Amino acid sequence: MRGRLLRRGLLGAAALTMLAGCGAAAGPSDGGAGADPDRLRQRAREALARYDEAVRAAGGEPRFVPTSGLTGQLGDWEPANGDNKLALSAGMIDARGPLPDPPRETGTVRWESGQKRQVPLLSAEAALRRLREAGDGPCPGCVPLEVTAARLSTARIATTRGPAVVPAWEFALAGTRVRLTRVAVADEAVVTVTPPPWDPDAAPGGHTIQSATTTVDARELTVTFVGSPGPASEPCGVDYTAEAVESTTAVVVIVTGRGHGDGPQACPAIGATRTATAELERPLGERAVLEVQRGLPVPVTVTG
């Protein structure tokens, strides 16, 4: 859950960065990003160092790198359970009794590309504990959710190598038909990046990318982000460029903009999905793609 909230926060930061460029006080040359290229490159190098450390902590191989939350929900809350969503967000969830161990020591992660990888599994109790730890709590007045049963199933999540079907515990709850899922891959097999503290008043500039696409043998990496609706040839428009800072395990993409050159403009606060393409030193391979502001991995689609 926290992973999803972080993603929303980053999207908001990107939108606010872009919208600042559409205000009357915006300068004409930088698309409002206010980006210092040297500062962004240094931030990219720091992000690569943090990612390399996360890979080492996961055994030295980027086997499984989620880019979405590890907690899921099956079904919708009934009207009578209006506080359940808040309780879940707060991590207020307990088990009625003992929960099972996995029926086997390992499970299989299956990517849409056809690739597979064996990973160690968490017990249902450990998965429920991770679910609680991901909560934002506290939630005064909320009644904790109560788990009545758990079974090992699967869930589909986004990763740095595209969508994957992964082992997941499915939890039944008292008083509702909603079921919760939590990825069952053991901690030591998950590459988890710890970002630096986020200060929205001291954002480093640039744009937070949302996703990336490439092909197996290509050196071009196309990224999506929130930007100005139009190009710099139009009033209030911005042209964007992308630069890659690379390591052996990941690529950080820096996106900056150059706006319409007719002086300060009063522009509508409207954002749109834009793309830009960065040139890589070599094809992406199994490397992750990271956004520059916090160094978090984004979903990647690699086609043949």
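Analyst: Happy to! Let's start with accessibility: a residue is buried under 20% relative accessible area, exposed over 50%, and partly exposed in between (1.4 Å probe, protein chains only). This is a predicted model, in which local features need pLDDT of at least 70 and side-chain atom pairs count only at pLDDT 80 or more, while totals for chains, interfaces and linings use all residues. Residues are numbered from 1 along each chain as its sequence is written, and side-chain values use heavy atoms, with hydrogens and water left out.

User: Thanks! Why is Glu 133 called partly exposed?

Analyst: Its relative accessible area is 48%. Partly exposed covers what lies between the buried and exposed limits, so Glu 133 is given that label.

User: What makes Arg 130 and Glu 133 a salt bridge?

Analyst: The term asks for a side-chain nitrogen of Lys or Arg within 4 Å of a carboxyl oxygen of Asp or Glu. For Arg 130 and Glu 133 the N to O distance is 3.7 Å, so the pair qualifies. Both residues sit in helix α4, 3 residues apart, about one turn of the helix. Helices here are DSSP runs of H or I with at least four residues, strands are runs of E with at least two, and both are numbered from the N terminus.

User: How do you know that Glu 125 and Arg 132 form a salt bridge?

Analyst: Their closest N and O atoms are 3.8 Å apart, so this pair also meets the definition. Glu 125 is partly exposed at 30% relative accessibility, and Arg 132 is partly exposed at 25%.

User: Which parts of the chain does the bridge between Arg 41 and Glu 243 link?

Analyst: Distant ones: Arg 41 is in helix α2 (residues 37-57) and Glu 243 in strand β10 (residues 238-246), 202 residues apart. The closest N and O atoms of this salt bridge are 2.8 Å apart. Arg 41 has 27% relative accessibility, so it counts as partly exposed. The whole structure has 13 salt bridges.

User: And what makes a nonpolar core?

Analyst: A nonpolar core is a set of buried Ala, Val, Leu, Ile, Met, Phe, Trp, Tyr and Cys residues joined through side-chain atoms within 4.5 Å. The largest one here has 27 residues, and Ile 93, Leu 145, Trp 169, Phe 171 and Leu 180 touch the most other members. Helix α4 gives the most to this core, with 5 residues.

User: Which residues of α4 are buried?

Analyst: They are Ala 124, Ala 126, Ala 127, Leu 128 and Leu 131.
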